[in-house]
Amino acid sequence: MSREEWHRFSGKVWREIDRVEPPKRSAAERVADFHEIYSLLDETTVREQAARCIQCPQPACQEGCPLSNHIPEWLALAAEGRFLEAATISQSTSNLPEICPRVCPQERLCEGSCILLGHAEPVCIGAIEKFINEFALANGGVTLTCAPSNGRRAAVVGSGPGGLACADELAKIGYAVTVFEAQSQGGGLLLNGIPAFKLEKSVVQRRLRILEQRGVEFRLGIKVGVDIDLKELLVRFDAVFLGVGAQLARPLDIPGAELAGVHQALPFLVQKNSPMAFDLPDIPVVGKRVAVLGGGDTAMDCLRTAIRSGAAEAICLYRRDLANMPGSRKEYFNAMEESAQFLFLTNPVALESDGQGRVAGVRCVRMELGEPDASGRRKPRAVPGSEFYIAADLVLIAYGFDPVPFPSGSGLASVAVNDWGAIKVDKNQMTNVPGVFAGGDASRGASLVVHAVRDGRKAADGIHRYLDSIESGSGAAK
Ligand code: SF4
């Protein structure tokens with residue numbers, strides 16, 4: 001179909017066909033288990049929904065996607081029912097093309113940039129991306145062969161999204177890639193941190209098997225910096241990628257933070273969601289009134305995990321308003337449907353004890369929003385005399401994460417970090433140590449899965465160009 005024909009066709013379609021969301025289980029059904037809440041659109045609906053794209057010459061959706069996915073191209077193919085071809089294009093820019101659409105906040109990225117916004121609902125890009133890639137996975141549309149060996153070896157430290165993307169890109173062009181993972185299973189936070197109701201564990205494990213089939217070796221249960229040093233990796237490998245994440249929880253700095261029943265979000269989520277046995281104390285939830293402090297996606301995950309774990313109630317306390325909340329709107333509405341409560345413009349100032357060392361409630365103040373701060377969000381300030389109290393016998397802190405400091409004395413300690421511990425990288429993702437690259441949360445701070453994938457891809461490209469430049473004697477990658 002020519003572009004003019006397409007415009008005539010889709011110009012009619014988007015006016016006549018409303019956006020359709022993928023089928024979602026009822027809230028009552030889904031809170032009884034931890035399985036994914038969305039299923040796939042059917043083929044007919046995918047074709048109709050993809051045809052709502054008007055194929056604009058400068059696709060804003062592509063600019064809104066951190067991976068610059070060729071969205072209009074695969075939407076046009078999907079509209080014609082050419083799902084395998086659509087998936088091939090999708091896979092060319094994403095190493096986790098069935099995972100990103102499950103966890104991306106599309107309303108802030110691709111769909112939030114869709115040109116239809118303002119006239120109609122945006123194209124359901126995420127649901128179509130998920131469909132075409134699940135179709136490819138089910139119908140032999142994923143290539144498992146790689147280029148012949150190029151004789152180079154790369155080590156990837158950490159098997160979260162950044163590490164997987166880097167390993168996959170390098171394996172595809174002929175590198176022998178070894179991934180070192182500290183835990184007993186690969187996947188990093190994709191497996192341990194993100195709850196299965198958003199991303200089924202089997203989906204992550206399936207992707208790990210694809211990487212293995214592409215020749216990536218996983219060395220599990222090995223902690224770089226403890227069991228093996230960076231210096232040794234640099235002897236055994238031509239380049240190293242550090243995708244070690246950021247799991248150092250920001251502390252709660254108010255009176256009562258030390259009380260029993262007060263926990264950081266990550267150990268809670270790992271304990272309730274991971275398929276692995278971690279040496280973590282059990283956190284009882286049944287019948288508890290749970291207060292979650294924070295307003296990001298981790299806070300939503302805590303609320304919804306607490307509800308599925310038997311909490312009597314789960315309430316989010318967040319100091320800004322909904323418009324300034326960093327968490328995904330989709331996950332906010334899902335949490336609301338599942339009976340989570342939200343108290344906006346609310347800041348905890350102290351945790352109260354029950355007199356026996358256990359938390360019994362949260363003392364809060366009302367907030368109001370002032371001028372925008374450096375991040376562009378309006379700065380909250382306390383309203384004088386507005387203190388109030390909320391009963392809670394389990395408090396979960398979801399204030400975000402910073403990178404964990406490297407063990408002193410290890411080779412890793414020679415990698416330069418910034419003031420808050422994030423690894424410093426250049427435009428090619430290379431650190432101050434030649435041949436050592438980094439990306440994802442370890443270098444940018446806690447962020448989205450799709451950003452880590454972008455970093456991993458960029459680092460793979462940086463590694464390849466760096467080694468080419470060494471081999472040709474022209475110096476470091478430009
Ligand atoms: Fe949208 Fe994320 Fe897919 Fe990009 S990777 S097209 S932002 S869902």
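This briefing covers the ligand shell and the salt bridges of one structure. The model is predicted, so local features need pLDDT of at least 70 and side-chain atom pairs count only at pLDDT 80 or more, while totals for chains, interfaces and linings use all residues. Residues are numbered from 1 along each chain as its sequence is written, and side-chain values use heavy atoms, with hydrogens and water left out.

**Ligand shell**

- The residues around the ligand are C65, P66, N69, I71, C100, P101, C104, Q106, L109, C110, E129 and V450. Each has a heavy atom within 4 Å of the ligand.
- By class, the shell holds 9 nonpolar, 2 polar and 1 charged residues. Nonpolar covers Ala, Val, Leu, Ile, Met, Phe, Trp, Tyr, Cys and Pro; charged covers Asp, Glu, Lys and Arg; the others, Gly among them, are polar.

**Salt bridges overall**

- Side chains of opposite charge can pair when their charged atoms come close.
- The whole structure contains 34 salt bridges. The criterion is a side-chain nitrogen of Lys or Arg within 4 Å of a carboxyl oxygen of Asp or Glu.

**D468 and R152**

- D468 pairs with R152 in a salt bridge, with the closest N and O atoms 2.8 Å apart.
- The bridge links distant parts of the chain, 316 residues apart. D468 sits in helix α17 (residues 449-472), and R152 in the loop between α8 (125-138) and β1 (153-157). Helices (H or I, at least four residues) and strands (E, at least two) are DSSP runs, numbered from the N terminus.
- R152 is buried at 7% relative accessible area. D468 is partly exposed at 35%. Buried means under 20% relative accessible area, exposed over 50%, and partly exposed in between (1.4 Å probe, protein chains only).

**R289 and D393**

- R289 forms a salt bridge with D393, and their closest N and O atoms are 3.4 Å apart.
- R289 lies in strand β7 (residues 289-293) and D393 in the loop between β13 (388-391) and β14 (394-397), so the bridge ties together parts 104 residues apart in sequence.
- D393 is buried at 18%. R289 is partly exposed at 33%.

**R363 and E352**

- R363 forms a salt bridge with E352, the closest N and O atoms lying 2.4 Å apart.
- R363 belongs to strand β11 (residues 359-372) and E352 to strand β10 (residues 346-353), so this pair joins parts 11 residues apart in sequence.
- R363 is partly exposed at 30%. E352 is also partly exposed, at 25%.
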